[in-house]
2 protein chains.
Amino acid sequence: VPQDITFDIPFAPLISPDVDRARAHTVAWLCGHGLLRSEAGVAEYLSWDLATAAAVTFPYSAGADLDLLLDFFSFAFLFDDQFDPAVADRQEAVAAVSREMITIPFRPAGMPPQIDCPVTRGWVDVWARLSDGTSTTWRNRFSANWARFMAAHAEEGYAVAGGAAPTLEEYVEFRRRSVGIHHSLDAAEPGRGFEIPPQVAAHPLTSALRDAAADAIAFMNDIHSLEREERRGDPHNLVTVLRRELRCSRASAVEEAVRLTEARLAEVVRLMDAMPGLYGELGLPARDRVAAEWGVEAVRNWIRGNHDWAVASGRYASAGPVCAPAVAYTDDLLTPLGRVPGVVRGLTA
Amino acid sequence: VPQDITFDIPFAPLISPDVDRARAHTVAWLCGHGLLRSEAGVAEYLSWDLATAAAVTFPYSAGADLDLLLDFFSFAFLFDDQFDPAVADRQEAVAAVSREMITIPFRPAGMPPQIDCPVTRGWVDVWARLSDGTSTTWRNRFSANWARFMAAHAEEGYAVAGGAAPTLEEYVEFRRRSVGIHHSLDAAEPGRGFEIPPQVAAHPLTSALRDAAADAIAFMNDIHSLEREERRGDPHNLVTVLRRELRCSRASAVEEAVRLTEARLAEVVRLMDAMPGLYGELGLPARDRVAAEWGVEAVRNWIRGNHDWAVASGRYASAGPVCAPAVAYTDDLLTPLGRVPGVVRGLTA
């Protein structure tokens, strides 16, 4: 089955030593913020093993830094699941909350959300910690990448609801934004206490490397999550798009998706090899070269870690639940909590 | 009266040769997009003489570049006037549209707005032209500054509606975001066909210069628009804040505001003098030094041009309309146009 397909990733697997600490921290944080509110929700969340996902994609982060990255990771996954094309007007609610999620990093840190619900409160809390001590230039870059991801997320909802069938070209352009890799790579910087020098971050070679990495990860995710998305009736998957575009069998479409993925992985390696030449061309001092190289390491760790986690995780398990859930999400996170029992801590507590 | 107060600005006044061309272009553009829909609206708009404002703040832009900057300038002013604390639920409408305005630059250029109204359609059109040919780094910087401005705008609405009285410190921090200078300075770059080198844009000296310029311009605007805002009952004005904070007369508060403004202008000059040293420190090649210096010129032109326009413009005229209008805005720009007569061109026409 597609989830069993593995790729030859030429980067070493690494893991943060604090994976268990972060897992314990984040379950408590999610429950405290009303982002997990039921036993079923907690059980499903734990089955994804996002603690491992964060620890292998951010192996150089530990302690409170890894806790924070896992909080971020987890509420973003939970928000991603809040859209379900079968629920009436759900895409309107997702789009409105997405616009609020885009706006939050542009308000003073810690300001309460204007649209009040568990995901917006969670994001205010995470953003205040994530942005602490960062430069305006990093905040501009992260927040813009986050905004493009959130906007694509809302767009996906409208497209699914409208039943639009994208061409391969349209899909690849869209998927690069919806996979969320650019802001995730940005998050590795405060998570390890560095920033990529601005002239390196702005260089076309860096953009090309990050785009190639985003494509490779998106294509692998699509292959690994194919069965989950087929069960959900979600046409936003590379294999599904290829099958329609090439009028071929599912097996042939999977083969073509694997070929496209391998080509993007080869491009990642080629661009990484060109980075040291760029440092020389820009006349970077030694300290800036280290920071630039840590930025490249973030790309390596994301590709390697995401691949290994996806193959092992229960999130994309091919068996699926015995009874498919009525809706994609277990708890509704887009409406205010009110006085929900079990929510022990609000934003201002 | 406060509008007659002038400041000693040590920068030469300049004006684009295409001010009349731009004026004609933009009135047609505003009418075509439903942003001006009544004779009263057109008359009031023309009385502000925004064409001169754009031509003196962006003197190195001409032709289609100046047309575009004036389109941008004009719809932003019209949107600014859409908030009126006296209209029920108006701040909710302003805040929702502000979040859409923040999101638009993060969607693919030209994508129709999700909240459909004249200001969002106008912004989609302007953004597609303004961002054409720019780097991702410039788009991140501009869009983040634009978002902070829009978020502050919505915040102002809530604060006014809630009757909150900010301290001087809170007000100065808020006003730096709400004055909209950072994104206006960014807009000078595509308007003149250059981009500030990323390591210069990211440097703390550049941030300090732009913050000082934003403060100086905000304080001058507050002094010049004091009577207009007193008429509207808007407490967001440096003089009003000083008057309350210092428990002093209006005249003394104006004097103190002038003193604060002169201090910020002196800081602008001091920081500008330090810029050439930065170019050497960063080892900038000659071409990058020119681009950096054009960035400094944008600050000079904004301070000089904004001052001269504010003193001359009808927007802050102390006489005011014989009959104060019932609401702050002439045409409602926050609801869909539908089939409004006189709207000759929509987004997709």
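Guide: Two parts are said to be in contact when heavy atoms of one lie within 4.5 Å of heavy atoms of the other. Please keep in mind throughout that this is a predicted model.

The part to look at is helix α3 of chain A, which runs over residues 50-57 and is mostly covered, with 7 of its 8 residues buried. A residue is called buried when its relative accessible area is under 20%. The buried residues of α3(A) are L50(A), A51(A), A53(A), A54(A), A55(A), V56(A) and T57(A). They pack against four helices of chain A, namely α1 (19-32), α2 (39-48), α4 (63-80) and α15 (286-312).

Side chains of opposite charge can pair when their charged atoms come close. D49(A) and R23(A) form such a salt bridge through their side chains, with N and O 2.8 Å apart. This pair links distant parts of the chain, since D49(A) sits in the loop between α2 and α3 of chain A while R23(A) belongs to helix α1 of chain A, 26 residues away. D49(A) is partly exposed, because its relative accessible area is 24%, and R23(A) is likewise partly exposed, at 27%.

D308(A) is partly exposed, with a relative accessible area of 27%, whereas R304(A) is buried, with a value of 15%. Elsewhere in chain A, salt bridges join R141(A), D186(A), E189(A) and R210(A) into a network.

In all, 28 residues of chain A are in contact with 28 residues of chain B. The two chains bury about 2,300 Å² between them, and 59% of this area is on carbon and sulfur atoms. On the side of chain A, R99(A), F106(A) and Q114(A) lose the most area to chain B, together 28% of what that side buries.

Between the chains there are 2 salt bridges, including one in which R99(A) pairs with E100(B), with the closest N and O atoms 3.6 Å apart. The elements of chain A that give two or more residues to the side touching chain B are α5 (90-103), α7 (136-162), α8 (168-178) and α10 (198-201). Of these, α7(A) gives the most, with 12 residues. Sorted by class, that side has 13 nonpolar, 6 polar and 9 charged residues.

Finally, consider how the chains are arranged. A rotation of 180° with 0.0 Å of shift along its axis superposes chain A on chain B, with an RMSD of 0.0 Å. That is the relation of a two-fold axis. Of the interface residues of chain A, 100% are also interface residues in chain B, so the copies meet through the same surface.

Conventions: Residues numbered from 1 in each chain as written. Chains lettered and ligands numbered in written order. Predicted model: local features only at pLDDT ≥ 70, side-chain atom pairs only at ≥ 80, totals over all residues. Heavy atoms only, no water. Buried area = accessible area lost by both parts, 1.4 Å probe. Salt bridge = Lys/Arg side-chain N within 4 Å of Asp/Glu carboxyl O. Nonpolar A, V, L, I, M, F, W, Y, C, P; charged D, E, K, R; others polar. Buried < 20%, exposed > 50% of the residue type's maximum accessible area, 1.4 Å probe, protein only. Least-squares fit on C-alpha atoms with pLDDT ≥ 70 in both.
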